[in-house]
Amino acid sequence: MDNTLTLLGLLGTRPSHGYDLKHSYDRYFGAQKPLAFGQVYATLARLIKNGLILTLGEESGAGPDRKRYEVTEAGRSRLVEWMFTPDIPAATLQSNLFAKTVIALLLGDDAERLLDVQRAEHMSRMRELTAAKRGATLMNVLMCDHALFHIEADLRWIDLTAARLNELREQVRAA
Amino acid sequence: MSTAIATTTVPTPHTAVLLSARGLRVTFGHTEALRGVDLDINTGEVIAVMGPSGSGKSTLLHALAGVIVPDAGTVSYGSTPAETVEICALDETARARLRLTDFGFVFQFGQLLPDLSAIDNVSIPLLLGGMRRKDALRQARTWLGRLGLAEQANQRPTELSGGQAQRVAIARALVTGPRVLFADEPTGSLDSLAAENVMVLLTDVARETGTTVLIITHDARTASYADREIIVRDGRVTAGFALSASVAGS
Amino acid sequence: MSLALTRLVAAGTRGARLRLVGIAAGVGIGVTLFLLLWGAFNGLQDREERSSWTALAVAGDPVAVGSTPAPTRDTVLVSSPTERFDGTVITRLDIAATSDSTVTVPGISRPPAAGTYYASPALAELIDSVPANQLGERFGTRIGLISDTALASPDSLVVVTGQPAARMTGAVMTFAISDFPTLSFGGRATYQTLAVVGGIAILLPVLLLVGIVTDLGAAERRERFATLRLLGATPGVVARIAMGETALTSLTGALLGVLLAWLVRPLAALLPINEGTFFVADLAVPPVAVIAAVTLTVLATSLTAGYRTYRAGVGPLGVTRQQRERRPRVVALVPLTVGFLGMLGVTVCTLADIQVPLFSTLLIGGFILTAVGLVLAGPYLTYRVSRVAARRARGAAGVIALARITATPRATFRAVSGLLIALFVVTVFTAAVTSVDASVDASVGPGSPGGGEENALPAGTLLAGLDSTAATDFDESRALLTATEGVRGVALAYSLTNWEGVILSGSDAATLGLLPSGAAGYVSIDNSYINVRSAGEAPPRVTEAPTVNPDDLEPWVMLILTDGTVAAQERARTTAETGQITLMGAPASVAENQGGSVATLMRGFTTMAHLGVLIATLISTVSLAVSTTASILDRRRSLGLLRLMGMPVPTLRRIILGEAALPFLTVVGGSILLGVGVAWSLITTLTYGKRVLSWPEPSAYIVLGVSLLLALTAVLATFRTARAHTAVSVTRFE
């Protein structure tokens, strides 16, 4: 899961303080492993350096931190690129895909298309593996099958999520 | 390994469109099963049709095969302008004849007549086409052999395993030399290995004979035998787009 | 738990409820018909007992001919001369009694005084509907009606006339009795045999219908039972559910059947069987019998259902593997063979004059075995034929239909078994009924409407048998008859000892048109002149008889020439009977004389036969439609998918037709031949070889044709259902 882009995505919903950002992150994604404040500020600094966000100036706020951050145009297109670039199917994929979906829903973007794109990518990978099985040794066939079943598990998750997208949208929005 | 695979799976370019649907709409009572489907299927393509239950997959297959007439839209069939027919414009008799001669069908289960032996089941489409029984049986035997069922020729469907029964069904679908094979959940009742064997046979034979195949399936692994997949959701075809197109569009 | 579960399984869907309605209806019709037939059978016995008093032959020895005993206070003189009106026989009892007679006459109490009569209501009505000189005058003055308690049927034509003792000359068998017979004649085994056979013939198709209906929707039910088994129900529980379901349904059906039988009794009583219509009360069935019938029906159907379900061995995965029928075996032919050979054996023994004990029971048993055997043998024959045909089938329809028949010969045969039984019964009855007409060749012989025959008795001539012992002056009767309107002439035929033939005076021969007018002397003519001639027999010869001594002549028959109208003949009869001459019963035409008592044997059952044919054919038609539909429904997915593949609808129709036609055609010839054989056996045995069969009347072929048409209609009617149930919309949601 790409924390940098996830924080960028969260910031895309509305300009906010680093403190609020950390709490949003924890609420959505940090159930098992909350983000450290240090990590948040380091990430924000890197994003500013890359021109993906900018500071909105200081004002009095609730927390110790007075800076508010906002996503730039460049930041937005980076987000879109991230969201609609399918990941290589891998064991670590799901959390990233999950993050993408939630962000897409938060941004009111087309989460369904995101899933479709990912599905197409998965399918094309499966086709490759299935084709590779033709005439292969049993060892290789079983290796391909191992990969196929893992991808299939992702695909099932994609299908299930696609089917419950509306429900998910409601919950994400309400959170 | 992955790079090697990538090079082998570049789909061969299909030039001639064989089946083409435009603006298909089908309504059952108050339910809209298809709400405007556009689709082109090329000659020799193997296509997987995926989508949630009740999304209109079977209805799409039925409309494309001329089993039902859509409430709106057209289905053209034929690879050259001269031989192209408007399936929706044909009457029931002509559509039945077209299905018999040009299309083959495989279903999830229950398609074989329980009273008939495997070979008789396979010969039925030929007999329906008016072939002499002797010739029909000979041809049916050849096809059973091709699908590895030579020994089961005289067994009844109840004496066959699920995978064998599906292979008999495939033999029956292909025995007339159809140009399009429609398969509705052909592996739906089979275990992984049996499903795999059926799919290997089906796609091998289809590619050898240049048969265009449309497979409805829930199963991603079954679908992975296809050249590409299309996704039906809420009566619309929503996928089938290439990866690059979607990224470029954003 | 069982009741709720049974309800859930049995009446869960519309199809399941329809099935229950079908079973109840089938059972109901069966019970109704059974009770009516049982009632009719009882009724036949009741009416026989009631009318037994007119069968004088069992009353003892008749008084000697020529003696003139006088009635006493406690005996009466009774005779029962033949009486006729317009082709119908009237039961007539002439009684001479003293005025203080203590003898009771059934239905009347006191014997009528001379010159008066009692008539049955039906006869009284008939008498009142025609001029007195055609009928009423024959009996005298009516003083009352015979009560129903002494009548077989509301239609019975019975008259009891009072006669002076002097008229009771013994020309007609006369008895001096003090009590009228109360025991039935006993010679009616024939009627009872035929009645039982007819009843079985009607009941068999009903049983088949119930069998077919209870097996309706078997495939769907197997599925439900399989689900129950999957949920943990034991085979016993499933069988009990099937039993409970059938028991409740058939109990409902049976009770409705009882109600229906009670309601249609007045209607059924109107059916003339044997001697006429029934008194409604005759058709009543004792309550004990009703209860027994209902109990037996419910027990039989529910036990069968339970047994069938148990035997079917529905497993938790019952539907995935289709049950295959047991292959029919040669043993199936045994009952048919035994039954038919048994009947033939009884007949052959009878013809060879060997006494067979209980022959009517044997005949009934043989008939039942033959009919049931036909149903049992059918599947085996169908199976053999379909196996041969399956190898030679050409088209798709043929291959599919024949494979189906080979796999399920019992089910496919059951569809047409009712029809075949109907056909068998039709053949038995039509063949048996024809036997009546067969021996009287109406086209040849005296009185035939065709005329033209050389030396034939003129049409419309009545023959009045004369009592040769009574020396009477015939001239007065002759004059009276000649003066009767519509009578063209009267001739007196004499008999002569040692002389073959009938002697006529020359003038009488001229009256009859045998000689030119003005002829004198005597002529002789062959006996066949006044008898029935068999086909091919030469016409009677007329020869002169110059040597006859008029003193040797005995008056034998008075020939009354009429214009052939009913009115004229009846007037002539009335005049002849009321005149001075003593007759041996009412004057009658040759045909009437010949018809006599045996003619009515099968005639009386014609209505029953027609009814049986109607019921059997209708029920079989329904059965055929029901089971044809069921066989399509059982395969609707595979046939539906075949249609989706492009199988044209006509092929589907050919499959349905083929599956009905093959078992039918396999057995149709056999059942017709068997029917003829059984009819021959029945008729020959029951009439001791006096009657033979001939070709059935055209109406029989019409009945056959109509039955076949109905069957075809039944099959055609299923086409729509078949088409609808194999449409795409049906296969898509399974």
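Two strands are said to pair if DSSP finds at least two bridges between them. The legends below apply this term to a predicted model.

**Figure 1. The parallel pair E7 and E8 of chain B.** Strand E7 (residues 180-184) and strand E8 (residues 212-216) of chain B pair in the parallel sense, and 5 bridges connect them. Within this pair, Ala183(B) has Ile215(B) of E8(B) as its bridge partner.

**Figure 2. The open sheet of chain B.** Six strands are arranged in the order E6-E7-E8-E3-E9-E10 (chain B), and their pairing is mixed. Strand E6 (103-106) and strand E10 (236-237) of chain B stand at the edges with a single partner strand each, so one side of each has no neighbour in the sheet. Helix H2(B) packs on this sheet, where it touches strand E3 (46-50), E7, E8 and strand E9 (228-233) of chain B. The direction of H2(B) makes about 155° with that of E8(B).

**Figure 3. The enclosed helix H2 of chain B.** Is H2(B) largely enclosed by the rest of the structure, or left open? Because 8 of its 8 residues are buried, H2(B) is largely enclosed. Among these buried residues are Lys57(B), Ser58(B), Leu60(B) and His62(B). After the helix comes Gly66(B), which has a positive phi, near 75°.

**Figure 4. The largest nonpolar core.** This core has 225 residues, and those with the most contacts inside it are Val49(B), Ala171(B), Leu214(B), Ile421(C) and Val425(C). Helix H11 (residues 409-439) of chain C provides the largest share of the core, 15 residues. A second, separate core has 37 residues, including Leu463(C), Ala491(C), Ala576(C) and Ala586(C). In soluble globular proteins, nonpolar side chains tend to be buried together.

**Figure 5. The surroundings of Val49 in chain B.** Leaving aside residues up to four places away in sequence, Val49(B) touches Lys57(B), Leu60(B), Leu61(B), Leu214(B), Ile215(B), Ile216(B), Ile230(B) and Val232(B). Of these, Lys57(B), Leu60(B) and Leu61(B) are buried residues of H2(B).

**Figure 6. The contact between chains B and C.** The contact draws 25 residues from chain B and 22 residues from chain C. On the side of chain B that touches chain C, helix H2 (57-64), helix H3 (92-102) and helix H4 (118-128) of chain B each supply at least two residues. How do the residues of this side divide into nonpolar, polar and charged? There are 14 nonpolar, 6 polar and 5 charged residues.

**Figure 7. The antiparallel sheet of chain C.** This open sheet has 6 strands in the order E8-E13-E9-E10-E11-E12 (chain C), with antiparallel pairing. Its edge strands, each pairing on one side only, are strand E8 (461-465) and strand E12 (542-544) of chain C. On average, neighbouring strands are turned by 30° against each other, direction ignored. Strand E10 (residues 502-505) and strand E11 (residues 522-525) of chain C run antiparallel and are joined by 4 bridges. In E11(C), Ile525(C) is the bridge partner of Val502(C).

**Figure 8. Two helices packed on the sheet of chain C.** Helix H12 (residues 474-483) of chain C touches strand E9 (487-495) and strand E13 (554-562) of chain C, and its direction makes about 155° with that of E9(C). Helix H14 (residues 566-578) of chain C touches E8, E9 and E13 of chain C. The direction of H14 of chain C makes about 150° with that of E13(C).

**Figure 9. The exposed residue Ala70 of chain C.** Ala70(C) lies in the loop between helix H2 (14-50) and strand E1 (76-79) of chain C. This residue is exposed, with 12 other C-beta atoms within 10 Å. Ala70(C) and Met168(C) are 98 residues apart in sequence, and 9.1 Å apart in space, C-alpha to C-alpha.

Note on methods: Residues are numbered from 1 along each chain as its sequence is written. Chains are lettered from A and ligands numbered from 1 in the order in which they are written. This is a predicted model: local features need pLDDT of at least 70, side-chain atom pairs count only at pLDDT 80 or more; totals for chains, interfaces and linings use all residues. A nonpolar core is a set of buried Ala, Val, Leu, Ile, Met, Phe, Trp, Tyr and Cys residues joined through C-beta atoms within 7 Å. A residue is buried if 20 or more other C-beta atoms lie within 10 Å of its own, exposed if 12 or fewer, and partly exposed in between; C-beta atoms are placed from the backbone. Two residues are in contact if their C-beta atoms, placed from the backbone, lie within 7 Å. Ala, Val, Leu, Ile, Met, Phe, Trp, Tyr, Cys and Pro count as nonpolar, Asp, Glu, Lys and Arg as charged, and the others, Gly among them, as polar. Axes are lines fitted to C-alpha atoms, for helices over the stretch in contact, and angles run from 0 to 180 degrees between N-to-C directions.
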